[in-house]
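Good morning, colleagues. Please look at the sequence and the model on the screen, and I shall then go through some of its features.

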Amino acid sequence: MTRVKESSRPPKSFQPLLWGLRWSSLDTWKDREVIILAALNEGELEHLRWVIKTYGVGEIKRVLSRRLETEFYPESRNLARVLFSISRFRHAR
């Protein structure tokens, strides 16, 4: 079950984290992988809370498990392991 409304956007506080994306065409559901990764790597507690509330722990875990280990800062990787019980990340595509 999806908690995200169609064609919605994250809060304005995400704009600095998603500077490489066109804000006007950003879609919360379609761009969830980039949003989740940015919140984990660059975000603050408010960003993580919004991501958890919006996508749910299960979806976040699925998204992060598919990402390469090198896409995370070491501290973010450890945080993901603790918060979302991710045992390992991918090493190659």
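Predicted model: local features only at pLDDT ≥ 70, side-chain atom pairs only at ≥ 80, totals over all residues.

The side chains of Arg-67 and Glu-71 are joined by a polar contact of 2.6 Å.

Is Arg-67 buried or exposed? Its relative accessibility is 16%, and since buried means under 20%, Arg-67 counts as buried.

Which residues does Arg-67 touch, if we set aside its neighbours within four places in sequence? Arg-67 is in contact with Glu-33, Leu-37, Phe-72, Phe-89 and Arg-90. As a reference distance, take Leu-48: Arg-67 and Leu-48 are separated by 19 residues in sequence, and their C-alpha atoms lie 17 Å apart in space.

I turn now to a second residue, Ser-85. Ser-85 is found in the segment that follows helix 3, which covers residues 74–84. What is its phi angle? Phi of Ser-85 is near 55°, a positive value, and the residue is not a glycine. For context, most residues other than glycine have a negative phi.

How many helices and strands does the protein chain have? There are three helices and zero strands, and the pattern along the sequence reads α-α-α.

Next, the overall dimensions. The C-alpha trace spans about 35 × 30 × 25 Å along its principal axes. The radius of gyration is 13 Å, which agrees with the value near 12 Å that a compact globule of 93 residues would have.

What share of the residues is buried? Of the 93 residues in the protein chain, 41% are buried. Among contacts between residues at least 6 apart in sequence, 48% join residues at least 24 apart.

Finally, the surface and the charges. The accessible surface comes to about 6100 Å², and carbon and sulfur atoms account for 52% of that area. The chain carries 18 positive and 11 negative side chains, and the centres of these two sets are 5 Å apart.

Thank you for your attention.

Methods: Residues numbered from 1 in each chain as written. Heavy atoms only, no water. Helix = DSSP H or I, 4+ residues; strand = E, 2+ residues; numbered from the N terminus. Rg over C-alpha atoms; globule rule 2.2 N^0.38 Å. Buried < 20%, exposed > 50% of the residue type's maximum accessible area, 1.4 Å probe, protein only. Contact = heavy atoms within 4.5 Å. Areas by Shrake-Rupley, 256 points an atom, 1.4 Å probe, with all protein chains shown as cover. Lys, Arg positive; Asp, Glu negative; His and termini not counted. Charge placed at Lys NZ, Arg CZ, Asp CG, Glu CD. Polar contact = N/O pair within 3.5 Å; in protein donor to acceptor, adjacent residues only side chain to side chain.
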